[in-house]
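Please open the model and keep it in view while you read. These numbered points go from pockets to cores to helices and loops.

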Amino acid sequence: MTKSILVLGPPLCGKEETCRTLLGEYRSMIRPIKVGDMVRERIKTDEGFRNLMSRLGPGALVPDDEVVSMTKPAYDKAAQDGVQAVYWDGFGRTGEQISLMNGWGALTPDQSHSLVIIIDVSLDVCKRRLQS
């Protein structure tokens, strides 16, 4: 079974650096699924999606059903390819998304097939990172 890795924390806490380290160390075993890249590509190629995003406005979260339509095939492909784990970048942001991941087997209720890394830093650290 393909495992899921979620890295959670506030903006500018170091999630991306943590994931780069994981991917650098375990590149052959982990496939990143980057929702932001998928969204940007879809905006370029799908006029209906582009219109939806312009109606939602800057900073809005992409609706769960749209995110799922992009991410589930990527997860299924990783599982089909025998990838040991996927790193979810930008997915699992809502309770509905987590529920959907449980339904596909991407996460399991007992977390036996998941790794969740929570980065807990102070607001001051995030502010300093923003200013540097």
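1. **The second largest pocket.** Its volume is about 290 Å³. It has 15 lining residues, and V35, G36, V39, G90 and R93 are the closest to its centre. Here a pocket is an open set of points on a 1 Å grid over the protein atoms alone, where a 1.4 Å probe fits, with protein on both sides within 12 Å along at least five of seven lines; lining residues have an atom within 4 Å of a point. A volume is the space filled by probe spheres set on the points, which are joined across faces, edges and corners.

2. **Ground rules.** This is a predicted model, where local features need pLDDT of at least 70, side-chain atom pairs count only at pLDDT 80 or more, and totals for chains, interfaces and linings use all residues. Residues are numbered from 1 along each chain as its sequence is written, and side-chain values use heavy atoms, with hydrogens and water left out.

3. **Who lines the second largest pocket?** Helix α2 (residues 35-45) gives the largest share of the lining, 5 residues. Helices (H or I, at least four residues) and strands (E, at least two) are DSSP runs, numbered from the N terminus. By class, this lining has 7 nonpolar, 3 polar and 5 charged residues. Nonpolar means Ala, Val, Leu, Ile, Met, Phe, Trp, Tyr, Cys and Pro; charged means Asp, Glu, Lys and Arg; the others, Gly among them, are polar.

4. **The largest pocket.** The volume of the largest pocket is about 480 Å³. Its lining has 21 residues, with V7, G9, K15, D89 and R93 nearest the centre. Two or more lining residues come from each of β1 (3-8), α1 (15-26) and β3 (85-89). Helix α1 gives the most, with 4 residues. The lining of the largest pocket divides into 10 nonpolar, 4 polar and 7 charged residues.

5. **The largest nonpolar core.** Which residues have the most contacts inside the largest nonpolar core? They are F49, V62, Y75, W88, F91, M101 and W104, in a core of 22 residues. The elements that give two or more residues to this core are α2, α3 (47-56), α4 (64-80), β3 and α5 (95-104). Helix α4 gives the most, with 6 residues. A nonpolar core is a set of buried Ala, Val, Leu, Ile, Met, Phe, Trp, Tyr and Cys residues joined through side-chain atoms within 4.5 Å. Buried means under 20% relative accessible area, exposed over 50%, and partly exposed in between (1.4 Å probe, protein chains only).

6. **Helix α2.** V35, V39 and R42 are the buried residues of α2. They sit on the same side of α2 because they cover an arc of only 70° around the axis. The arc is that of the directions from the helix axis to the C-beta atoms. Exposed K44 and T45 are on the face turned away from the buried side. The cover over the buried residues of α2 includes β2 (30-34), α3, α4 and β3.

7. **Helix α5.** Its buried residues are Q97, M101 and W104. They cover an arc of only 60° around the axis, so they lie on the same side of α5. The face of α5 turned away from its buried side carries exposed G95 and G103. Among the elements covering the buried residues of α5 are β1, α4 and β3. Just after α5, G105 takes a positive phi of about 90°.

8. Beyond neighbours within four places in sequence, Q97 is in contact (heavy atoms within 4.5 Å) with D64, V67, F91 and G92.

9. **L107.** This residue is in the loop between α5 and β4 (114-118). L107 has 3% relative accessibility, so it counts as buried. L107 and S4 are 103 residues apart in sequence, yet 6.4 Å apart in space, C-alpha to C-alpha. Leaving out neighbours within four places in sequence, the contacts of L107 are S4, L6, I98, M101, N102 and S114.

10. **P10.** The loop between β1 and α1 holds P10. P10 counts as partly exposed because its relative accessibility is 29%. Setting aside neighbours within four places in sequence, P10 is in contact with K15, I119, V121 and C126.
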